[in-house]
Amino acid sequence: MTTNDVSAAPAPKVAQRRAPRSRPSSKKKVNPHGNDWTSWPRYDQAELGFRNYWYPIMWAEQVGKKPVPIELLGEKIVLVRDNDEIFALHDRCPHRGVPLSLGRRQYEGTISCPYHGWTYRLDSGKMCAALTDGPDSPINNRVSVSTYPVAQRLGLVWVYVGDDTEDPPPVERDIPRELVDHDFAMGGRWDIRDGNWRFAAENGFDEGHAKYLHNTALWRLFKVMPAWNETRVVEEDGWLIRVQDAVHWEADFPGLGRWTNKRWWKRMPLPDAPGKGKDVNPVIKSLNIPGFVSFRLPGLLRVAYPQFIHYEWYVPVDEDHVRYVQIMVRFEDGVKAGFFKAKYLAAIRWLFHGQFTGQDAWMVDVMNAPPEKLYRPDLSLTAIRRHIEQVEPTVQVDTTPGSKRPLPADA
C-alpha cells in the first residue's frame with residue numbers, strides 16, 4: 001500500500017494490477033444467497049466511476065519535471081510539471097503504444113517518447129517533432145495525444161476526466177464550499193488501496209460498521225461508541241447527510257446479554273450533530289449540518305466535528321483499486337493553526353489517517369458483494385445508490401486508445 005502524507009511524501013507509485021476479484025453482475029436475477037445490484041443499474045455499471053468531475057490525485061509538490069504515471073478512472077495518464085504549471089496527457093505514444101511516462105524532457109514544454117523520440121507539446125498534446133525522422137517528417141504535427149485539464153488547489157493536483165475538456169467547470173465546483181470560502185490549517189495523506197471505489201465509498205457512509213469495527217481503534221480508545229442508532233438520511237445541497245434520531249448506548253439481547261461499549265475510562269462523546277455542544281468552531285457552526293457524516297458525488301465523505309472536519313475522496317484507479325485521499329481541516333489561523341499542525345504530525349496522521357482508516361481498508365479489500373443481504377442500517381448504502389440513479393451521472397467507460405477493457409454490451 002502506497003502511503004503519502006503532507007509532511008513527508010515519498011515518491012508516488014501506481015498500484016500493480018492483481019488477479020481480478022469477483023465483480024458485480026447484473027445477469028443473475030435470482031440468487032438464493034442474496035440480492036444483486038440490478039435495482040441500481042447505473043451504479044452497477046460504475047466500476048470505473050463517473051465522468052465530468054474533478055478528482056484529487058496527489059500533493060502538487062510530488063510532481064516535478066520527471067514524468068509521473070497515474071491511473072484515473074481506468075485511464076492511464078502522465079503528469080508533468082513545467083515551471084509552476086502541471087500538465088496531464090494520455091500516457092501512450094500513438095506510434096507503438098509506449099508509455100510517455102518513460103520518456104524524456106528533451107525540450108522545454110514537451111515530452112519525448114523514449115522509443116523513437118516522438119515529441120509532444122505538454123499544453124496541446126500535439127506531436128511537434130519525430131526526432132528520428134528529421135525536421136521535414138511528413139507525420140510532424142499530424143498526430144496528437146489526449147490532454148486533461150489540471151488544477152492545483154488545497155496543495156493537491158486535481159485532474160478532470162470528462163467530455164468538455166476544452167471548457168471544463170471550475171474545479172471549485174467539486175470542492176466543498178467551506179474549503180473555498182474560509183482560511184484553514186490542514187494535514188493529510190493519500191494512498192492507493194485494494195478494492196473497488198464503491199466499496200470504499202459505501203464503507204465511509206455506512207451507518208453500522210464504526211460501532212463494531214472501530215471500537216478497537218486507538219482513535220476511539222477513550223470515547224464511548226453507541227450500541228446502535230435510529231438513523232435517517234436527508235439531502236441538502238447535493239449532500240446526503242446521516243441524521244441520528246436516537247442514539248442507544250447499550251442493548252440487551254435475549255439469551256446473549258448486554259452489548260455496550262461503555263468502559264470506566266471512556267468519556268461520552270459529543271452531541272449528535274457538529275453544531276451542538278459547547279465551544280463549536282464558528283465556521284462549522286455556520287454550516288448548520290444536521291449530522292456528523294455526509295456524502296456527495298463523485299465520491300466524497302465529510303465527517304464534521306465541532307472543532308474540525310475530516311474529508312475523504314474515493315478516487316477510482318481501476319476496477320480493483322481506489323486512490324484514498326484524506327485531509328483534516330481546522331478553520332483557524334495563527335497560534336491555533338500552528339498547534340493543530342503540530343498535533344496532526346505528532347499523532348493524528350498515525351492514529352486517524354493511519355490505524356483508524358486502515359481498518360476500513362481491510363474491510364474494503366476483503367469485501368465480496370453482491371450477492372448481499374442488507375439490514376436496517378444499510379439505508380445509508382441504498383441512499384447512495386438511489387441518489388446516483390436519480391442524478392444520472394455519466395458512467396465512465398474507458399475508450400482511450402490502447403485500452404484493453406471490453407465495452408459494455410449497450411455501449
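The model is predicted: local features need pLDDT of at least 70, side-chain atom pairs count only at pLDDT 80 or more, and totals for chains, interfaces and linings use all residues. Residues are numbered from 1 along each chain as its sequence is written, and side-chain values use heavy atoms, leaving out hydrogens and water.

**Exercise 1.** Determine which side chain of opposite charge is nearest to Arg198.

Step 1. Arg198 belongs to helix α3, residues 197-205.
Step 2. Arg198 is buried, that is, under 20% relative accessible area with a 1.4 Å probe, protein chains only.
Step 3. Arg counts as positive, Asp and Glu as negative; the nearest such side chain is that of Glu47, 4.2 Å away.
Step 4. Arg198 has no salt bridge, since that term asks for a side-chain nitrogen of Lys or Arg within 4 Å of a carboxyl oxygen of Asp or Glu.

**Exercise 2.** Decide whether Trp54 is buried or exposed, and describe its surroundings.

Step 1. Trp54 lies in strand β2, residues 53-59.
Step 2. Trp54 counts as buried because its relative accessibility is 5%.
Step 3. Beyond four places in sequence, Trp54 touches residues including Pro149, Trp158, Tyr160 and Arg173 (contact: heavy atoms within 4.5 Å).
Step 4. A polar atom of the Trp54 side chain lies 2.8 Å from the backbone oxygen of Pro169.

Conventions. Helices (H or I, at least four residues) and strands (E, at least two) are DSSP runs, numbered from the N terminus. Buried means under 20% relative accessible area, exposed over 50%, partly exposed in between (1.4 Å probe, protein chains only). A polar contact is a pair of N or O atoms within 3.5 Å; within protein, one must be able to donate a hydrogen and the other to accept it, and residues adjacent in sequence count only if both atoms are side-chain atoms.
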